[in-house]
Each structure stands twice: as structure tokens, then as C-alpha cells.
Amino acid sequence: MNVKQKTIKSEISVKGVGLHTGANVTLTFCPAPENHGFKFQRIDLPGQPIVEADCDNVTDTARGTTISQNGASVSTVEHVMASLVGMDLDNVLLKLDGPETPIMDGSAIQFIEALEEVGVISQNADREYFTIPHNITYTEADRKVEIVAMPLDDYRFTCMIDYNSPVLGSQHAGISSIAEFKKEIASCRTFCFLHELEYQLKNNLIKGGDLNNAIVIVDKEVTREELDHLATIFKRKAIEVAPQGILNNMELRYQNEPARHKLLDMIGDLALVGVHLKGHIMAARPGHAANVAFAKRIKAAIKKEKGKKIQKVYDPNTKPIFDVVQVMDMLPHRQPFLFVDKVIEISKTHVVGVKNVTMNEEFFKGHFPGAPVMPGVLQIESMAQVGGILVLSTVPDPRNYLTYFLKIDNVRFRAQVVPGDTIIFRCDLMEPMRRGIAQMKGVGMVGDKVVVEAEMMAQIVKVKDSETA
């Protein structure tokens, strides 16, 4: 049984300060339509630009994960993103009136509580999962970072941290399923070492920092004067070093709370892959930079796997969904430059079209007439026209639009195409269409043999009615 996409039932807002900017901000979680995904909207900026929660939009990982797009950026997104995954959501618009999400208590639990307050609702569209097909690895030798994703029919995490600290030591944390997120991980707060805190204070890097939203690990000898100075900065009567080696501003919620928080960060950063994952993620010494690099590696694997799934053998005699007359209603091309005879399958994410190659083709008059072979460039054009039908099927009246191809990559010609062949082209979206731009993987087959394949990027452009008449 297919799992349906989910969003929240109604809007809900949380207020707080940004950890690094100190700005008072309001974050509003809003319901979103099917296939929307997670997107932030900077409602405080002109035009209220959208920033998509995508690992390709990450611009900084120094003290949290920052994403940027359309002239806007949103900082410290990892705790919010982890809460969305932990609540098993697919589509949410996050309206923000400042440059950074609120830090709240340094964990994700208050985001979870807000989302639970409004509740979750199922939508009609099926959810897309990416099941890790084989071990995917990432390493950073200098930092001793190791991350691996392994095949599993669930979403499981194991995390180890080791900062060479006698106070913190080596810690492990794990969950056997993402369903355990709220109970085991969501309330675990961010942490820092005392020497980092002092550096950040001196350099004005944590304007919203407070001893209520971070665990401070004392990794050095500290004098009474230093403790009194911190008490003054954070407006406390007194600060002491607790027996666990942390400042006594708070009690640990778990003995291994720092490791659990690192796991929380990893879940949030990997949410930027853009689809629900199934696999076992094991990480040693992860951080935001490594998490995002690993997310990009998984996204590349998704792209590669999608390209492998489309080598199905089709019957060219299948009853058409669009015959050649209907094809001409969608495409502006005409003979001798119309290369699609019919469409036999189409969905929101793929299309299958047929091209019958005969000796009557105009190009055979001048292209190896003694040994006729269909030019490779025209095979790509044929594939592009099939892909164009998929793209144009998303607009109300295709006659008012043109499809322009922006880029073609990874073209491979596997075998000759000659008169008498029937090429069946299948084009699949490699990721959801955005702003009228589609990325597709195309494969052309004669029988059960692949003859051509390519990756294409196309854009829909609206034109005046007179130009398409």
C-alpha cells in the first residue's frame, strides 16, 4: 500500500530569537499542496522570496546550516528541518520574518509540539521514497569523519562523537526508526565548549545566545573571575561548574545528550535531500559540512538510480493516448520536423512516445543515402519533442507555450537506427519541476535495445497567441 503525502491542518507560529543574529523572529508553519516539499519564505523582504530547503542551496555550514536562493537566505535551518521529518511530513511552507530560525531551547521539541497542536492531514498524492540501493560513503580523513548509508527498509540512525575531550569523552546515540525521533531525539539541545563560547562572545557571533538554549561543556581550567564574567553577561546571579563537567545552568536530559543532538542535526541536514529516505545512516564525528556533502552524495545517487529505472520494453502497437493529430495540438513542430508519431503513456513524471523511422524521411536524401542511418542529432531532437509533451502537459493550453531546451548532458549513442526501426522514447523527470524548468532523463529503445540516452533541461515559455497560431 502506497504511503500518502502529508501536510499540517492549519497555520501555527512560534516566536523566539536567532542564536547567531539575536533577531526576534516569528516562524509560521503553513499547510502546503501536494509535491510542494519544504520551502522557506522571507516575508520581511521585498517580494517575499522563496528559499527551497535543498542541499544544493546550502551556502554556509560554519555555525549551523544556511540556505540561500532568490537573493534571500535562512540560517540555522537544521532543527526545524529535523522536526518536519520527525513529524513525518512532506509539504510545508515556512514563513519567516527574519534571517534566522528561532533557536527556542536549542532543540527541536518546541517545533514538534507546535506541529502536534495543529495536527497532520493526509493528501491524495503518493509519497516518494528513496531506498538506499547500496552502501554510499563519505569520509574526511583530516577530521576523521566517516558516514555511510546502507540499504534498509526503514530510516535508522547511529551516531558517534569524539572531541578528544576528557569531559565529553566518546558518546554514541541511535534510533532504530525515525518514529522514535520525538521520544528519543527531539528534546536534545545544542552544545558547545567553553573555549568556543568565549571566542563567540568576544567576536559577537552569538547575539541570541543564552544559557537556556545550549549545554556548555567546560573543557579547560576556569577561574572564579571567568565564571563571574559569564554570569554578568548572561544576567545570572552565579554560575558554577557542575559535577558532569558542564556549566550548572541546566540539567542534562540524557547522559549522552550531545551525541543525540548531533544525530538531530544530521536528520535535519539530510532532510535537504528533498525526499523521504529508507536506509541505515551510520556516522562518526559528523558535522554540518559533512552532513551536507553527504546529502549531495545521496542526491546524486537518486539521480543515477532514476536513470536506471526507465529501461522497460514497450509494445509500439499499444493504443495511443495521443495520436499524431493530438500531438500536433501540443507541439508547434510540423513535417518534416515533427518526430513524434504518438504518445502511449504519460503521467505527472514521465512520458513514452513513439517514432517510426521510414525510408521516406527527408533527411535520408542527404544523410548516407547508400547506407541510411538516422542522424544522432535528430534522435536527440525526437527525444526532446517527447519530453516537451510531458512539460507542456502541465500547462492549461499548450498552444500558448513553447518548450526551449537549455542543456543536454551525458548523451550516449548505443546503436544505429535505420529505416524500418521503431524508436520508443521514455523521458522521466529527474526532480520536480521548478519555475517552469524541468530536468529529464531520456532513453530511446528499439525493441529491447537502448539506442540513445541523454539528460535534458527544458524551460516552458509563454508566447503570444499569434505566435503559436
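Visitor: What does the accessible surface of the protein come to, and what share of it belongs to carbon and sulfur atoms?
Guide: Welcome! The model shown here is predicted. Its accessible surface comes to about 21700 Å². The share of that surface belonging to carbon and sulfur atoms is 50%.

Visitor: Which percentage of the residues is buried?
Guide: A residue counts as buried when its relative accessible area is under 20%. The protein has 469 residues, and the buried part of them is 52%.

Visitor: Which residues touch the most other members of the largest nonpolar core?
Guide: This core has 78 residues, and helix α7 (residues 288-308) gives the largest share, seven residues. A second, separate core of 37 residues includes Val-395, Leu-429, Ala-438 and Val-452. Back in the largest core, the residues touching the most other members are Phe-29, Phe-40 and Phe-181.

Visitor: Is strand β9 largely enclosed or open, and why?
Guide: β9 covers residues 92-96. Two strands pair with it: β3 runs antiparallel to β9 through five bridges, and β4 runs parallel to β9, also through five bridges. Four of the five residues of β9 are buried, so the rest of the structure leaves this strand largely enclosed.

Visitor: Which residue is the bridge partner of Pro-31 in β9?
Guide: On the β4 side, Lys-39 stands opposite Leu-93 of β9. For Pro-31, the bridge partner in β9 is Val-92.

Visitor: Is His-36 buried or exposed?
Guide: His-36 sits in the loop between β3 (24-31) and β4 (38-42). Beyond its neighbours within four places in sequence, His-36 is in contact with Asn-91, Val-92 and Leu-93. Buried means under 20% relative accessible area; because the value for His-36 is 19%, this residue is buried.

Visitor: What is the relative accessible area of Val-354?
Guide: Val-354 is part of strand β20 (residues 350-356). Val-354 is buried, and its relative accessible area is 1%.

Visitor: What distance separates the C-alpha atoms of Ile-267 and His-79?
Guide: Ile-267 lies in helix α6 (residues 257-270) and is buried, at 0% relative accessibility. Among the residues Ile-267 touches, not counting those up to four places away in sequence, are Ala-82, Val-85 and Phe-181. Ile-267 and His-79 are 188 residues apart along the chain, while their C-alpha atoms are separated by 8.7 Å.

Visitor: How far apart are the mean positions of the positive and negative charges?
Guide: The protein has 53 positive and 58 negative charges. Taking the mean position of each set, the two are apart by 2 Å.

Notes
Residues are numbered from 1 along each chain as its sequence is written. This is a predicted model: local features need pLDDT of at least 70, side-chain atom pairs count only at pLDDT 80 or more; totals for chains, interfaces and linings use all residues. Side-chain values use heavy atoms; hydrogens and water are left out. Buried means under 20% relative accessible area, exposed over 50%, partly exposed in between (1.4 Å probe, protein chains only). Contact means heavy atoms within 4.5 Å. Accessible areas come from the Shrake-Rupley method with a 1.4 Å probe; for residues, only the protein chains shown count as cover. Lys and Arg count as positive and Asp and Glu as negative; His and the chain ends are not counted. The place of a charge is taken as NZ of Lys, CZ of Arg, CG of Asp or CD of Glu. A nonpolar core is a set of buried Ala, Val, Leu, Ile, Met, Phe, Trp, Tyr and Cys residues joined through side-chain atoms within 4.5 Å. Two strands pair if DSSP finds at least two bridges between them.
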